[in-house]
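The sequence and the coordinates are shown first, and the discussion follows.

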Amino acid sequence: MSFYKNSEGAQIGITAAFCFLVIVDLIGNTLVCLVVYRNRIMRTPMNYLLVHLAASDITVAIFIAARFIFPLLLEHPKGRAGDVVCQLFTGGAFIWVGALVSAFSLVFIALERYLAIKFPYDVRKRVTTAKLKCVVVFSWAFAALWNLPLFLYARYDPVSESCRFKWPTATITQVHSPLSAVMYGVLPISIMSYLYSKLVYKLWFRPLVTSTMVQQSKLRYTRKSARIVVTVSVVYSICWIPNLVVYVISSFSTQQLYSAVHMTSIVLVTLNSAINPVLYSWQSDRFRRHMLALLPFGCSSRPCRVPPAVIPEGNASTKASRPIQIIPLVGRGPVA
């Protein structure tokens, strides 16, 4: 079964792109989870949020493979069995679930960074394990409920030999697609843009006065941590906007859904999930070294050794009595 039947070369190219990105996604995001799990120094609330983001990216990769790779290799069940397989595996509903969880994670990371800058000494504003558990449960539950129509209306189409969404009326998809564009694109991108604009202004244009080398080092450290999450959010926006635009347009059009533009937009969605671990390791020395330490060929000499944290943790009372310090911001960001 081919999703893009106009050109065999295009089908091969798209399939190869999916295979490569899925493999990179699974390996990279699994390494992110293992780095945090196996290294106590990496077990910060911020890094736990990155693990949550990695889990959603892994979900996207698994069901991208189920949607666009496995049907090319295996014969899809037909009839009622085919409908069930479409609803649970090959229909693509879980891709949207993982993507919405990813959007929630990025928004919560942006909120955490904003609160860290705005209220650096207010313990009540910090991310705790209890708050993190609530965010995880809520994001997955809400994402599943939001995409419930995709599970309900996915059906196997014997004519196209693929999974399609059999909406009861055209009105439903014409309402669902713009709302999804708002939920996946407009709302999270707007919130992240606002919060990160405040963060960038605070850190780069109006930074706290630093009088010692240690404080200057901490400021550079905090800026580097901020660059990681800002970059991840920007990449999310670039990769998801084309797919959301195509989805909205296709819901009001009678043209074939699996056009070259649409398939390319799905490749961009897959790229977004695969590139996040690369961004962590590219901008974070500690993430990169811990990842290399997990690979059998990546840590055979001294350069792979991970040095202790450069920035020492201060006494809580000392932090409170010296307002120009930014130690709390550092302790709550990803270890760079």
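Predicted model: local features only at pLDDT ≥ 70, side-chain atom pairs only at ≥ 80, totals over all residues.

## Aromatic contacts and helical spans

One aromatic cluster is formed by Trp 96, Tyr 184, Tyr 236, Trp 240 and Tyr 247.

In total, the structure contains 14 aromatic pairs. One of them joins Phe 63 and Phe 94, whose ring centres are 4.7 Å apart and whose planes meet at 25°; the pair is therefore stacked, since planes under 30 degrees apart fall in that class. Phe 63 has a relative accessible area of 14% and is buried, whereas Phe 94, with 28%, is partly exposed.

Tyr 153 and Trp 167 make a tilted aromatic pair, with 5.5 Å between the centres and 50° between the planes. Here too, distant parts of the chain are linked, at a separation of 14 residues: Tyr 153 is in helix 7 (residues 148-153), and Trp 167 is in the loop between strand 2 (162-165) and helix 8 (170-205). Tyr 153 is partly exposed at 24% relative accessibility, while Trp 167 is buried, with a relative accessible area of 18%.

The two pairs are set out below.

| Pair | Centre to centre | Angle between planes | Class |
|---|---|---|---|
| Phe 63 and Phe 94 | 4.7 Å | 25° | stacked |
| Tyr 153 and Trp 167 | 5.5 Å | 50° | tilted |

A contact between a charge and a ring is also present: Lys 125 lies over the face of Phe 119, at 4.8 Å from the ring centre.

The unreviewed UniProt entry lists residues 12-37, 49-73, 93-111, 132-156, 176-196, 228-249 and 261-282 under "transmembrane region". How much helix do two of these listed spans contain in the model? Residues 49-73 are 96% helix and 0% strand, and their end C-alpha atoms lie 35 Å apart. Residues 228-249 are 100% helix and 0% strand, with the end C-alpha atoms 33 Å apart.

Key
Residues numbered from 1 in each chain as written. Heavy atoms only, no water. UniProt positions renumbered as here; feature names shortened; annotations may be inferred. Helix = DSSP H or I, 4+ residues; strand = E, 2+ residues; numbered from the N terminus. Phe/Tyr/Trp six-rings, centres within 6.5 Å; stacked < 30°, edge-to-face > 60°. Buried < 20%, exposed > 50% of the residue type's maximum accessible area, 1.4 Å probe, protein only. Lys NZ or Arg CZ within 6 Å of the ring centre and 35° of its normal.
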